[in-house]
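Thanks for coming, everyone. Let me put the structure up, and then we will walk through it piece by piece.

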Amino acid sequence: MPILNVQIMQGHAPAAKATLLKALSQAVVDSIGAPVASVRITLAEVPAEHVIVAGELGKDMALILVDLIAGRTAELKAALIAALNQAACDSLGLSGQDVRVVLHDVPKTDMGVANGLSAAAAGR
């Protein structure tokens, strides 16, 4: 049950944001084999005056924070990071240097899934 919280700069067109959300969702499915029904993504826009990247105020960027049920291999995680980076670059016209992806492994006992069960109780 990958959960993505994405921060981008304000000012991107609605179509670009929709493309980003769809591309990120597909990147999760393609890279780690998660079913699309389990992918959750929220998108937050940050004003330029609230961002500094490499010492440059207002530099366009994307930050993608991902919570995953623990247990995926280092290879799958690397594939996910690469796929999410590429999706952000392709959708928003960013340089890969300005995208960051942070993965958090969440123990199965600490991740809630459908109907109020933990992932462990749901047999995941």
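Helices here are DSSP runs of H or I with at least four residues, strands are runs of E with at least two, and both are numbered from the N terminus. Now residues 64-114. Here the end C-alpha atoms are 23 Å apart, with 37% helix and 27% strand. Where do these spans come from? UniProt, in an unreviewed entry, lists residues 2-57 and 64-114 for "domain: 4-oxalocrotonate tautomerase-like". UniProt positions are given in the numbering used here, feature names are shortened, and annotations may be inferred rather than shown by experiment.

A word on the model. It is predicted: local features need pLDDT of at least 70, side-chain atom pairs count only at pLDDT 80 or more, and totals for chains, interfaces and linings use all residues. Residues are numbered from 1 along each chain as its sequence is written, and side-chain values use heavy atoms, with hydrogens and water left out.

Next, the whole chain. The protein chain has two helices and six strands. Along the sequence, the pattern reads β-α-β-β-β-β-α-β. The radius of gyration is 15 Å, close to the 14 Å from the globule rule for 124 residues, so the protein chain is as compact as a globular protein of that length. That radius is taken over C-alpha atoms, and the rule is 2.2 Å times the number of residues to the power 0.38. The C-alpha trace spans about 45 × 30 × 25 Å along its principal axes. Of the 124 residues, 36% count as buried. Buried means under 20% relative accessible area, exposed means over 50%, and partly exposed is in between, with a 1.4 Å probe and protein chains only. Now contacts, meaning heavy atoms within 4.5 Å. Among contacts between residues at least 6 apart in sequence, 72% join residues at least 24 apart.

On to the sheet. In what order do the four strands of the open sheet run? The order is S2-S1-S5-S6, with mixed pairing. Two strands pair if DSSP finds at least two bridges between them. Strand S2 (40-46) and strand S6 (99-106) stand at the edges with a single partner strand each, so one side of each has no neighbour in the sheet. Neighbouring strands are turned by 15 degrees against each other on average, direction ignored. Look at S5, residues 62-69. S5 pairs with S6 in the parallel sense, over eight bridges. Ile69 has Val106 in S6 as its bridge partner.

Helix H1, residues 14-32, packs on this sheet. H1 touches S1 (3-9), S2 and S5, and its direction makes about 140 degrees with that of S2. Axes are lines fitted to C-alpha atoms, for helices over the stretch in contact, and angles run from 0 to 180 degrees between N-to-C directions. Helix H2 lies across S1, S5 and S6, at about 145 degrees to S6.

Let's zoom in on H2. Ser91 lies in this helix, residues 74-92. Is Ser91 buried or exposed? Ser91 counts as buried because its relative accessibility is 13%. A polar atom of its side chain lies 2.8 Å from the backbone oxygen of Ala87. Beyond neighbours within four places in sequence, Ser91 contacts Ala16, Thr19, Leu20 and Ala23.

Past H2 comes Asp98, in the loop between H2 and S6. Asp98 is buried too, with a relative accessible area of 13%. Leaving aside neighbours within four places, its contacts are Val53, Lys59, Asp60, Met61 and Ala62.

Back in strand S5, we find Asp67. Asp67 counts as partly exposed, at 24% relative accessibility. Met1 is 66 residues away along the chain, yet the two C-alpha atoms are separated by 8.1 Å.

Last, two loop residues. Ala54 sits between strand S3 (52-53) and strand S4 (56-57). Its phi is near 55 degrees, a positive value in a residue other than glycine. Ala54 is exposed, at 83% relative accessibility. Gly33 is in the loop between H1 and S2. Gly33 also counts as exposed, at 57%.

Terms used. Polar contact = N/O pair within 3.5 Å; in protein donor to acceptor, adjacent residues only side chain to side chain.
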